[in-house]
Amino acid sequence: MKKRKIADCGQEQGLELHQNFFNTLSEEIVFTILDFLGDNPLDKKSFSLVCKCFYSIEAVHRRAIRPLRTEHLPKILSRYPNAERLDLTLCPRVTDASLVAISSSPCGSSLRSIDLSRSRFFSAGGLSRLASECVNLTEIDLSNATDLRDPGAAALAGARNLERLWLGRCKLITDMGIGCIAVGCQRLKLLNLKWCLGIGDLGVGLVAVKCSELRTLDVSYLQISNKCLPSILKLPYLEDLVLEGCFGIDDDSLSTLKHGCKSLKALDISSCQNISHIGLFYIISRHEGLQHLTLAHGPPVTAPLAASLRKLTMLQSIKLDGCSVTCSALKVMGSYCVSLGELSLSKCSGITDEAFSFLVTRQKQLKRLDITCCRKITDVSLAHITSSCTGLTSLKMESCRQVSKEAFVLIGQRCNFLEELDLTDNEVDDEGLKSIGRCSRLIVLKLGICLNITSEGLSHISRSCSKLVELDLYRSSGISESGIVAIAHGCPSLEMINTSYCYGITDNALMSLSKCTKLHTLECRACPLITSLGLGVITIGCKQLAKLDIKKCNKIDDAGMIPLAHFSENLRQINLSYTSVTDAGLLALASISCLQSMTILHLKGLTLSGLTAALLACGGLAKVKLHATFRSCLPETLLEHLEARGCVFHWRNKPFQAELDPKCWTMLGDTLQ
């Protein structure tokens with residue numbers, strides 16, 4: 001990169017720059033500083049406000065844009081001429097005029113990626129302009145464009161350099177539309193057609209013939225059969241194939257396959273109800289280079305099926321979630337699959353201590369293990385896991401309630417490399433947490449519905465797990481203020497915390513969390529001791545707060561909304577149901593430009609006029625949940641206006657709900673067993 005002094009930014013800035021220490025830095029050095037700032041928009045905003053030259057250089061350096069409103073697009077696109085990635089997921093309304101503005105902007109020629117997965121109101125005309133003028137586009141995400149039809153798909157064919165395309169849930173596109181894309185976009189390396197129900201064998205077959213460079217193909221839930229499967233498996237570079245929920249593929253179609261795909265590394269045939277162990281045997285025998293295999297919610301996993309896995313000598317990951325697995329199958333897998341890095345048995349029936357222990361004792365390289373809701377395993381299995389799989393980085397064992405509280409000590413004693421641990425709905429107690437505190441690399445810890453833990457246990461976590469980013473304490477009713485204070489002090493990098501239904505949480509707990517400046521998600525519903533004072537303090541300290549759930553915090557009122565509106569500029573989602581917020585508080589929130597989603601059920605102080613004013617004032621709303629009684633009261637013209645802006649209403653008719661005893665969740669789990 002050519003170096004130059006910042007003083008070259010313009011003669012009119014000369015006087016200011018001669019007085020500025022930063023005028024000795026080259027543009028290259030300033031770019032390096034910007035690279036270290038990361039993706040935090042507040043940091044980049046602060047940087048650009050240092051001086052006029054920094055303002056100009058930051059604009060030239062910026063490569064990714066995520067605007068809040070499409071009406072701001074012309075100004076934003078003009079300021080950032082070198083932008084390569086445009087994320088419009090915060091803009092529910094994107095019209096053809098918006099796409100034309102993007103195409104004709106200074107950054108149009110440099111644009112390589114655009115995300116329209118949460119946007120609506122554009123048509124084939126806008127996409128045609130985008131595809132023809134943004135000649136360097138390599139990535140487009142049109143997932144959830146449920147109104148997109150074949151003309152829109154045909155318009156995409158003009159994007160000749162396209163390499164990655166997502167069309168998930170574009171249900172109105174047919175074989176004709178995808179055929180146009182296949183002919184025009186022959187450089188595609190990734191194509192996602194999940195839930196494109198109008199596409200069948202003809203369209204997928206044409207994609208396989210024309211797009212020979214495909215590496216990743218997702219045709220989940222498409223009405224395809226054996227007619228297009230041979231063409232797919234002839235793709236010379238295909239590495240990842242997802243056939244989830246393809247009911248038209250059966251044993252007979254798989255038995256006719258003469259050749260497999262030698263390059264295939266990952267195969268997902270989850271929820272294929274017409275494929276039995278016979279069909280699986282055929283497809284596995286023709287793809288001996290597979291490294292990742294997903295068979296979730298499929299046929300029973302028996303010994304013959306497990307024996308076919310012996311041919312997959314490079315297998316690193318297998319997912320059998322929701323399958324019925326026999327003991328003999330687990331033992332066969334233990335004999336042949338000894339190099340697994342990931343094993344997922346979530347909600348598998350038939351998992352017992354004897355067979356499972358035999359399997360895990362041979363998995364010395366296992367890094368990720370999921371045994372969620374394997375309700376028959378006990379201390380025996382956990383002992384074998386911790387003694388054999390000492391290199392685990394992720395362990396998920398939600399609702400394994402036959403494991404005693406004493407056994408959880410083994411996790412901390414033997415698995416010190418853990419970064420993710422899910423113990424939701426288990427018998428773990430404070431002694432277990434004391435031991436788990438040795439896992440100093442923990443980033444995610446989930447302790448929801450753990451009724452035996454208290455704040456003392458959390459204090460052990462806080463002393464050693466300083467890297468913790470996510471903590472879930474949902475309905476762990478033994479947690480009080482002191483535990484949260486300890487976490488806030490020992491885990492300054494915390495970004496997400498859930499203390500919902502922890503009735504001992506107070507304002508002091510929220511005040512302590514205000515020191516966790518990276519916090520962006522706070523869920524504290526049904527914490528009756530929290531007031532507007534605590535909420536106000538945390539909003540001042542945690543300016544990155546984006547998601548807030550204070551449902552059933554009935555001591556929070558309008559006084560808490562004022563600081564929230566003033567300091568939480570990044571707030572995008574809020575649940576105010578059952579609080580004491582009135583019209584005034586809701587109107588204050590409407591000033592938050594980022595706010596996109598509100599749930600406002602059972603607010604006694606909310607009037608029709610106040611709701612109407614707030615809805616009109618909140619220009620960026622994309623989703624609102626309201627009680628059904630408001631539907632007939634709100635003017636039809638108002639609803640039409642808001643829907644035209646991109647807002648979707650979800651009407652609920654739930655009666656006022658009384659609180660349940662926390663122990664009822666344990667009793668419910670026992671019933672399910």
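Modeller: Before we start, a polar contact is a pair of N or O atoms within 3.5 Å; within protein, one must be able to donate a hydrogen and the other to accept it, and residues adjacent in sequence count only if both atoms are side-chain atoms. This is a predicted model, where local features need pLDDT of at least 70, side-chain atom pairs count only at pLDDT 80 or more, and totals for chains, interfaces and linings use all residues. Residues are numbered from 1 along each chain as its sequence is written, and side-chain values use heavy atoms, with hydrogens and water left out.

Biologist: Okay, which residue's side chain has a polar contact of 2.7 Å with the side chain of Thr89?

Modeller: Thr89 sits in the loop between strand 2 (85-87) and helix 6 (96-104); helices (H or I, at least four residues) and strands (E, at least two) are DSSP runs, numbered from the N terminus. Its side chain makes a polar contact of 3.5 Å with that of Arg66. The 2.7 Å polar contact is with the side chain of Asp87.

Biologist: And is Thr89 buried or exposed?

Modeller: Buried means under 20% relative accessible area, exposed over 50%, partly exposed in between (1.4 Å probe, protein chains only). Thr89 has a relative accessible area of 9%, so Thr89 is buried.

Biologist: Now Thr294: which strand is Thr294 in, and what is its relative accessibility?

Modeller: Thr294 belongs to strand 10 (residues 292-294). Beyond neighbours within four places in sequence, Thr294 is in contact (heavy atoms within 4.5 Å) with Leu267, Asp268, Ile269, Ser270 and Lys319. Thr294 counts as buried because its relative accessibility is 16%.
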